[in-house]
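Open the model in your viewer and show the side chains. This tour moves from one selection to the next.

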Amino acid sequence: MFSRSLVASCAVSRRVVAKYAVPLSIQTSSAFTPRTTHVGTLPPSSSIQPRSSVSLKTHRRAYTTTTTLRTPSSSSSSSASLFPDLTPFHLAFPVDDLDVSRHFYGEILGCPEGRSSPQWIDFDLFGHQIVAHLRPPGSKKEGLLHNHVDGHGVPVPHFGIVLTMDKFNSLAERLKKAGVKFVIEPYIRFKGQVGEQATMFFMDPSGNALEFKAFADMTRLFAK
C-alpha cells in the first residue's frame, strides 16, 4: 500500500515538473542575462549604444544656425564696423532760442531729444551727444570765419557727421523739402582725388554752421 502511494506521488511530481520546467527555464533566460563587469575598464563596445543619429543631427543643425555670421556688404559698411573703438562725441554750442532749436534739430534734422532744462537741450545726432545752450542775454555773438576749400568759402567753426552715402543723400533731400538754405549745396568735393567726398553746409537758426559729408569708401576717411 505504501509503495503504491509513493509511486503515485512520484508520478504526480514528474507531471508537475514537466508542466512548469520549460516555461520557467525560458522565462529565466529571457528576463536576465548575466554580464561580467571589470572594475577600471569599459564595457564591450557592442554594449555601448550611440544616441539617436537624428538627435545629433538636430543639435548640430541648431548649433550651425545660431553661430552663422552674416557679413555686411561693402555698400552697407558703417563707421562703427570700420572703427570699432569709436565712442560718442560731445559738443556744446550756443543758441538764441531753445524752442526754435528744438524744432530745427528735433524735427528737421530728426535728432531724438535727451535731457533738457530751461537753459539747454540734449540731442542725439547720429549717436553723438550735442547740447544746445541758451545764449545769455547781452552776450557777444562771435562771427564766423570763411576758409577757402575746393573753390568754396567754408564757414569756420562748424560741426557735423560723416555719413554713409545713402544717409547723406537722404538727409540732403530731407533738408531741401524742409526749405533749409544751404551755404554750400550738396556736391562731390575733391572729385577724382584721394579725399573725394560728398559734402554740404548749412546754418542752424542761431547761425551755427553745420557740415555733413560722406565717402563712397569709408576706409578713405583719413587717406592721404
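Start with Asp 150. This residue is partly exposed, with a relative accessible area of 33%. The model is a predicted one. Asp 150 sits in the loop between strand S5 (145–149) and S6. Check its backbone: phi is positive, about 55°, although Asp 150 is not a glycine.

Next, select Phe 190, in the loop between strand S9 (182–189) and strand S10 (197–203). Here too phi is positive, near 55°, in a residue other than glycine. Phe 190 has a relative accessible area of 24%, so it counts as partly exposed.

Move to His 128, in strand S4 (residues 128–134). Is His 128 buried or exposed? It is buried, because its relative accessible area of 18% is under the 20% cut-off.

Then go to Pro 157, in the loop between strand S6 (152–156) and S7. A cis peptide bond joins Val 156 to Pro 157, with omega about 5°.

Stay there for the second largest pocket. Pro 157 is among the lining residues nearest its centre, along with Pro 94, Glu 142, Leu 144 and Asn 208. The lining has 17 residues, and the space is about 380 Å³. Two or more lining residues come from each of strand S1 (90–95) and strand S7 (158–159). S1 gives the most, with four. Colour the lining by class: eight residues are nonpolar, five polar and four charged.

How values were computed. Residues are numbered from 1 along each chain as its sequence is written. This is a predicted model: local features need pLDDT of at least 70, side-chain atom pairs count only at pLDDT 80 or more; totals for chains, interfaces and linings use all residues. Side-chain values use heavy atoms; hydrogens and water are left out. On a 1 Å grid over the protein atoms alone, a cavity is a set of points where a 1.4 Å probe fits but cannot get out, and a pocket is an open set with protein on both sides within 12 Å along at least five of seven lines; lining residues have an atom within 4 Å of a point. Grid points are joined across faces, edges and corners, and a volume is the space filled by probe spheres set on the points. Ala, Val, Leu, Ile, Met, Phe, Trp, Tyr, Cys and Pro count as nonpolar, Asp, Glu, Lys and Arg as charged, and the others, Gly among them, as polar. Buried means under 20% relative accessible area, exposed over 50%, partly exposed in between (1.4 Å probe, protein chains only).
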